[in-house]
Amino acid sequence: MEHKKLASFPKDFLWGSASAAYQVEGAWQEDGKGVSVWDEFVRIPGKTFKATNGDMAVDHYHRYKEDIALMKEQGLKTYRFSVAWTRIFPNGRGEVNQKGLEFYHDLIDELIKNDIEPMLTLYHWDLPQALQDEYGGWESRKIIDDFTNYATTLFEAFRGKVHYWVSLNEQNVFTSLGYMLAAHPPGVQDPKRMYAVNHIAFLANATVINKFHEMNMPGKIGPSFAYTPNYSIDSNPKNVLAAEDAEDLMANYWMDVYMWGKYPIAARNYLLEQGWAPEIEEGDQELLESAKPDFLGINYYQTATNMFNPLDGVGMGKMNTTGKKGTSEESGIPGMYKKVDNPFVNRTNWDWEIDPEGLRIGLRRITSRYRIPVMITENGLGEYDKLTENNEIHDEYRIEYLSNHVHAIREAISDGATVLGYCTWSYTDLLSWLNGYQKRYGFVYVDQDENQDGSLARYKKDSYYWYQKVIQENGENS
């Protein structure tokens, strides 16, 4: 629909930005921190671009005050960050590492002192290696107790200071890339194990959300889901059905469980036919249905366009992790759908579709289906940025991308969606899990490269000043 006049952003709208511990902190062996699965995985030859790792990352651990000062100057309302589980419990459980807890106390206090709302992500993929070694990490239900113990420790530590909590970040990504595509730890290709792991993650997520509410924590909690809305390539009913299948298996399969505690029927039936469906034990259904998130976090980057894929059609192809445009392989699920190029949108150098309208569509779908407030927990453009001789970065392509997405959010609010805030990805440049330091997302350029011998100096990009103005105007001219 086209509105005669767009609604304004709420006065308390949280204009923010985001990061993840492994990608920014560095200090991987300092102050008692334990080893995570990512600390080990990046040391396997060929797993990351030019063998880059997060040992130093962009040194946020030592430079957080400098980074927060830049946030304050920009006018940021919220900063979403994750806690490294291994800083709190080096082996996943046991005695609390007070030095690690102290770092996050200091970080949170510094944010509050600068009028920036802390938004804390409990889990952003850096599982303690000790738990992976002991019982297979997410493959065992033992992790539910260990994750809940870890979360409870943070709830107690930061009660009243942190009011927005993200339980799991992109569960759909860390389970599928870790257990279906072998691109993330633990490097497995087994769909049955993937869906079993995913079910256990659902149970852990539900348990932690219930614990949060049982403790009468002041604030809100919800999971963060990487949502890629699906389209049909045309009006051919077979392709329309393929898009429905993709939406059911790749989106509703997660969001329905978060919101309703129930798997979508068609997707569940497909997994049963394949022999991949997870085992639902006594009490699981009741637990999943009992957990009620206060908001749904959405990480939005792109849409997917689909057509029918026969039983002898294409399977999962390789992702573009090189930044060479057009190198993604065709991928899909035989008998269901395959992803095809959308002729109406542009793509990044990593072949991600640039589709701001898709964010509005996604927010509309969520609003109609679940009637829950949404927090945009990630949205951003990963691209090559160039530092000029005068230490300037003219990233007009990022400004265009973000501006169009902010406008789409405003349109969705006008449609009736409740959106609590908008966190761009990312605040500073950071280590991209598989793409090293060549793929940059931040408002702040960090002098760091694949050899990890940069000066780590921070420089404001043009997009930094653009967002500063958006915040000042509360998005009124977006």
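Two strands are taken to pair if DSSP finds at least two bridges between them; strands (E, at least two residues) and helices (H or I, at least four) are DSSP runs, numbered from the N terminus. The model is predicted, so that local features need pLDDT of at least 70 and side-chain atom pairs count only at pLDDT 80 or more, while totals for chains, interfaces and linings use all residues. Residues are numbered from 1 along each chain as its sequence is written, and side-chain values use heavy atoms, with hydrogens and water left out.

Eight strands close into a barrel with parallel pairing, in the order β1-β2-β3-β4-β5-β7-β13-β14. On average, neighbouring strands of this sheet are turned by 25 degrees against each other, direction ignored. V166 has G222 of β5 as its bridge partner.

Two helices accompany this region. Helix α8 (residues 171-179) lies across β3 (117-123), β4 and β5, at about 45 degrees to β5. Helix α9 (residues 191-214) packs on the sheet and touches β3, β4 and β5, its direction making about 160 degrees with that of β5. Contact here means heavy atoms within 4.5 Å; axes are lines fitted to C-alpha atoms, for helices over the stretch in contact, and angles run from 0 to 180 degrees between N-to-C directions.

An open sheet is formed by four strands with mixed pairing, in the order β6-β8-β10-β9. Because β6 (230-232) and β9 (332-333) stand at the edges, each with a single partner strand, one side of each is left without a neighbour in the sheet. β9 pairs with β10 (residues 337-340) in the antiparallel sense over two bridges, and I333 stands opposite Y337 in β10.
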